[in-house]
Amino acid sequence: MEVHTMRAIRLHAFGPAENLLYEEIADPAPRRGQVRIRVEASGVHLIDVHLREGNAGGPLPVPDLPMTPGREVAGVVDAVGQGVDETLRGRRVVAHLGAASGGYAEQAIAAATSLHVIPDHLDAATAVAMIGTGRTAVAVLDIAAVTPADVVLVTAAAGGLGALLVQAAKAAGATVAGVAGGADKAERVLRLGADVAADYLAADWPGRITEALDGRGITVVLDSVGGGAGRTAMEQLDVGGRLILFGYSSGRLTDVTSADLAERGLTATWALRPTLLRRPGAMRELETRALAKAATGELTPLTTRFPLEKAAEAHRALIGRATVGKVVLVP
């Protein structure tokens, strides 16, 4: 019996990015309720880095080895399992694979119920950016409830999530300030539509933001960085401001105390609420809304693309903050 093979990134031992190996393995076969996708783009996420190192990634447990990382894929359905509508074969789709992973490959298996058909004018990398990062952005924006009266400060504003939040806050009519690591990234944030941008690697960035806003107080901070940068961002909030937290790429949560809230009447909210994971259909609803915003041009994700075989390089670039927007692997 002839065995068909594909190329995939395999992790046999937890550790550094060099442990991501480009190997040839047997083609996967879809089981009942599943499809096989010929992958055109695979998303890379900071959670993938944690899992590669042998740490739990948020709600995801440490995986069994060997395994193929990657939880976001877009491409064409080329095989279907039992009980799956045959008309899906040949359709361009995007899916979030969840804990199953397997996205860093030329082919990936996904549950048929997880698929979203991609509009013809949307490319695969854009769809991948919206199925994961985009759905997070929509969840954050629901909680933030930005209005034209707001002055919004976005941390990591040139990242995959930050770039979407800058666009959305501006579209809501708010005044938007973004901070990013490096002068080039700060310039990119301005091109996204931000009114003000600063390099947070410069110690005096808060003063630069304040001066550029000409006395207007910041009413909302959207923070995914945490640590010292998140704390500094929080300290820029005006009286009655809103701190929306949804990550800690620095490795530490933003340090917020009840005294901080009481002194200036601030509110602090963790946007990625665990109840979302428990409510049936909640994540799919966010995915649908995110993809719709990309399809209409309301949100346009930035992407940095690497060849599939360069997955290790992509991981190093991501943790080294050498990327802009969503990191995507292209077979």
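Arginine 7 is partly exposed, with a relative accessible area of 25%; buried means under 20%, exposed over 50%, and partly exposed in between (1.4 Å probe, protein chains only). The model is predicted: local features need pLDDT of at least 70, side-chain atom pairs count only at pLDDT 80 or more, and totals for chains, interfaces and linings use all residues. Residues are numbered from 1 along each chain as its sequence is written, and side-chain values use heavy atoms, with hydrogens and water left out.

**Salt bridges**

- The structure holds 16 salt bridges, each a side-chain nitrogen of Lys or Arg within 4 Å of a carboxyl oxygen of Asp or Glu.
- Arginine 7 forms one of them with glutamate 24, at 3.4 Å from N to O.
- This pair links distant parts of the chain, with glutamate 24 in strand E2 (residues 20-26) and arginine 7 in strand E1 (residues 5-11), 17 residues apart.
- Helices (H or I, at least four residues) and strands (E, at least two) are DSSP runs, numbered from the N terminus.
- Glutamate 24 is partly exposed at 49% relative accessibility.
- Arginine 89 and glutamate 86 meet at 3.0 Å, N to O; arginine 89 is partly exposed at 40%, and glutamate 86 is partly exposed at 48%.
- Lysine 293 and glutamate 298 meet at 3.1 Å, N to O; lysine 293 is partly exposed at 21%, and glutamate 298 is partly exposed at 42%.
- A network of salt bridges links Arg231, Glu235 and Asp260.

**Helix H3**

- Helix H3 (residues 160-171) has twelve residues and spans 17 Å from first to last C-alpha, close to the expected 16 Å, which is 1.5 Å times one less than its number of residues.
- Ten of the twelve residues of H3 are buried, so the helix is largely enclosed by the rest of the structure.
- Among the buried residues are Leu161, Leu164, Leu165 and Val166.
- The buried residues of H3 pack against helix H2 (124-144), helix H4 (183-191) and strands including E8 (151-154) and E15 (326-330); contact means heavy atoms within 4.5 Å.

**Strand E15**

- Four of the five residues of E15 are buried, so this strand is largely enclosed by the rest of the structure.
- Strand E3 (residues 34-44) runs antiparallel to E15, joined by three bridges, while strand E14 (residues 303-307) runs parallel to E15, joined by five bridges; two strands pair if DSSP finds at least two bridges between them.
- Valine 327 in E15 stands opposite valine 44 and is also the bridge partner of threonine 304.
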